[in-house]
Amino acid sequence: MKTILRHLVVAALCAMASSVAAADFRTVVIDAGHGGHDNGGQWGKVYEKHLALDTSTRLENILKRMGYQTVMTRRSDYFVSLPQRVAIGNRYKNAIFVSLHFNYTWKEHVCGLETFYYSREGQRLAQYVQRSLVRQTRTVDRNAKYARYYVIRNSTLPAILVEGGFVSNERERERMKSGDFREAIARGVADGIQRYRRSL
Ligand SMILES: [Zn+2]
């Protein structure tokens, strides 16, 4: 009985820790989705894994210029498992975790940007980032939403997962192919991070 109680207390403390703000965080863990044999969403020669890596690198450059430290879970086209991605992020304290993806659905008309969170602190971060993203890209707002995706559910940091538009939507796919659009996404995420940090 005592053991069970101890486990419960530990579990409760862990749950609390995961929703605490990373006060004065200076480090952003950037997680480019997919990679290697895992292409992610794909339409013709447009692969989510390439878009995610390029946008992540752009985000890293912007954040560095702003004075942040950055950690990348992958730097080129290789496979990193979801537990490995989480483990890389969870090594850091006073940090946040930002996973970058692009969306896919068989409903070709669906378009827009969305940002997912799991913890309460992740929710605050997601709301800032989503608002800045829509401002920078002037595209359809699919809002900040709760989801149980592995990397945000298991992160001990305030964590979000950004979906920067639908590879399966023709108009959005054409925009994604341009560096300007990927730069606008990176700028939107960076601006949202900055606004979130100022709010702490
Ligand atoms: Zn993805």
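The structure, which is a predicted model, holds 14 salt bridges. Side chains of opposite charge can pair when their charged atoms come close. The points below begin with these pairs and then turn to the metal site, the nonpolar cores and selected residues.

**Salt bridges**

- A network of salt bridges links Asp54, Arg58, Arg182 and Glu183.
- About one helical turn separates Arg58 from Asp54, because they stand 4 residues apart in helix α2.
- Arg58 is partly exposed, since its relative accessibility is 21%. Asp54 is also partly exposed, its relative accessible area being 24%.
- Asp54 forms a salt bridge with Arg182 as well, and here the closest N and O atoms are 2.5 Å apart. Because Asp54 belongs to helix α2 and Arg182 to helix α7, this pair ties together parts that are 128 residues apart in sequence.
- Arg182 has a relative accessible area of 12% and is therefore buried.
- Another salt bridge joins Lys145 to Glu114, with 2.7 Å between the closest N and O atoms. This pair links distant parts of the chain, as Lys145 is in strand β7 (residues 141–146) and Glu114 is in strand β6, 31 residues apart.
- Lys145 counts as partly exposed because its relative accessibility is 28%. Glu114, at 4% relative accessibility, counts as buried.

**The zinc site**

- Which residues coordinate the zinc ion? The donors are His34 through NE2, Glu48 through OE and His101 through ND1, at 2.0 to 2.2 Å.
- The spacing of these donor residues along the sequence is H-x13-E-x52-H. Glu48 in helix α2 and His101 in strand β5 are 53 residues apart, and the pair links distant parts of the chain.
- Both Glu48 and His101 are buried.

**Nonpolar cores**

- In soluble globular proteins, nonpolar side chains tend to be buried together.
- In this model the largest nonpolar core consists of 31 residues, and those with the most contacts inside it are Val28, Leu59, Val98, Val189 and Ile193.
- At least two residues of this core come from each of the strands β1 (27–32), β5 (95–103), β6 (113–117) and β8 (159–166), and from each of the helices α2 (48–65), α4 (120–137) and α7 (179–199). Helix α7 supplies the largest share of this core, namely 7 residues.
- Another core lies apart from this one; it has 13 residues, including Val71, Ile88, Val151 and Ala159.
- Leu59, in the largest core, touches Ile30, Val98, Leu100, Ala186, Val189 and Ala190, when residues up to four places away in sequence are not counted.

- Which residues of helix α3 (residues 82–90) are buried? They are Arg85, Val86, Ile88 and Gly89.
- These residues lie on the same side of α3, because they cover an arc of only 160° around the axis.
- The elements that cover the buried residues of α3 include β1, β4 (69–72), β5 and α5 (150–153).

- Thr27 is located in strand β1. Thr27 counts as buried because its relative accessibility is 8%, and the limit for buried residues is under 20%.
- Neighbours within four places in sequence aside, Thr27 is in contact with Gln69, Val71, Tyr92, Asn94, Ala95 and Ile96.
- Thr55 is part of helix α2. With a relative accessible area of 1%, Thr55 is buried.
- A polar atom of the Thr55 side chain lies 2.7 Å from the backbone oxygen of Leu51.
- Beyond its neighbours within four places in sequence, Thr55 is in contact with Leu100, Phe102, Arg182, Ile185 and Ala186. One of these contacts, Arg182, also belongs to the network of salt bridges with Asp54, Arg58 and Glu183.

Conventions
Residues are numbered from 1 along each chain as its sequence is written. This is a predicted model: local features need pLDDT of at least 70, side-chain atom pairs count only at pLDDT 80 or more; totals for chains, interfaces and linings use all residues. Side-chain values use heavy atoms; hydrogens and water are left out. A nonpolar core is a set of buried Ala, Val, Leu, Ile, Met, Phe, Trp, Tyr and Cys residues joined through side-chain atoms within 4.5 Å. Buried means under 20% relative accessible area, exposed over 50%, partly exposed in between (1.4 Å probe, protein chains only). Contact means heavy atoms within 4.5 Å. Donors are N, O and S atoms within 2.8 Å of the metal (3.2 Å for Na, K and Ca); water is not among the atoms, so sites may look incomplete. The arc is that of the directions from the helix axis to the C-beta atoms. A salt bridge is a side-chain nitrogen of Lys or Arg within 4 Å of a carboxyl oxygen of Asp or Glu. A polar contact is a pair of N or O atoms within 3.5 Å; within protein, one must be able to donate a hydrogen and the other to accept it, and residues adjacent in sequence count only if both atoms are side-chain atoms.
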